[in-house]
Amino acid sequence: MQFSELLIPLSFFALVFGIYYLFISARNRERMALIDKGADASIFYSSKVTRVTPIWKVLLLNLSLLSMGIGIGIFIAGILSSILGVADEIAYPGTIFLMAGIGLFAGFTMTKNLER
């Protein structure tokens, strides 16, 4: 019997469940250690969130720069394949990933500047 169709989804589910379980158990152990030492448990329930920039602006900025990077990557790959004769299998994925990474890096630096 072939179990490869079932093995991949089960492995993915086990991975996600394992990470979630480790996160919850580590958080619980940390909280219990602080309570044992006499620390106030209210530090875990902070109601005051000091976020300078709204999250939707950060997401919109990063998504727009990622989309522009992908578009520029496709454009540059077309130029590379038509003018310089680079193979399409190399030009398109390489420039798309390169320009998408540059776009995400620019979004990261711009987000850092927004929070200042």
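Reply: The accessible surface of the protein comes to about 9,500 Å², and carbon and sulfur atoms hold 72% of that area. Areas here come from the Shrake-Rupley method with a 1.4 Å probe, and for residues only the protein chains shown count as cover. This is a predicted model, in which local features need pLDDT of at least 70 and side-chain atom pairs count only at pLDDT 80 or more, while totals for chains, interfaces and linings use all residues. Residues are numbered from 1 along each chain as its sequence is written, and side-chain values use heavy atoms, with hydrogens and water left out.

The pLDDT, the predictor's confidence in each residue from 0 to 100, has a mean of 87 over the protein, and 89% of the residues reach 70 or more. Where pLDDT is low, the predicted coordinates should not be read in detail.

The protein has three helices and zero strands, in the order α-α-α from the N terminus. Helices (H or I, at least four residues) and strands (E, at least two) are DSSP runs, numbered from the N terminus.

Now the helix itself. The end C-alpha atoms of α2 are 41 Å apart, which agrees with the 40 Å that its 28 residues should span at 1.5 Å a residue; the expected span is 1.5 Å times one less than the number of residues. Its buried residues are Val58, Leu61, Leu65, Gly69, Gly73, Ala77, Gly78 and Ser81. Buried means under 20% relative accessible area, exposed over 50%, and partly exposed in between (1.4 Å probe, protein chains only). These buried residues of α2 pack against α3, where contact means heavy atoms within 4.5 Å.

Ile72 also lies in α2 (residues 55-82), but Ile72 is partly exposed, with a relative accessible area of 41%. Ile72 belongs to a nonpolar surface patch with Met68, Phe75, Ile76, Ile79, Ile83 and Leu84, and together they have about 700 Å² of accessible area. Such patches take residues with over 30% relative accessible area and no salt bridge, joining like charges within 9 Å and nonpolar side chains (Val, Leu, Ile, Met, Phe, Trp, Tyr) within 5 Å. A salt bridge is a side-chain nitrogen of Lys or Arg within 4 Å of a carboxyl oxygen of Asp or Glu.

On the partner side, α3 has 27 residues and reaches 38 Å from its first C-alpha to its last, close to the expected 39 Å. Ala91, Thr95, Met99, Ala100, Gly103, Gly107 and Thr111 are buried in α3, and the buried residues of α3 pack against α2. Gly103 counts as buried because its relative accessibility is 8%. Gly103 and Leu61 are 42 residues apart in sequence, with their C-alpha atoms 10.0 Å apart in space.

For the chain as a whole, buried residues make up 16% of the 116 residues.
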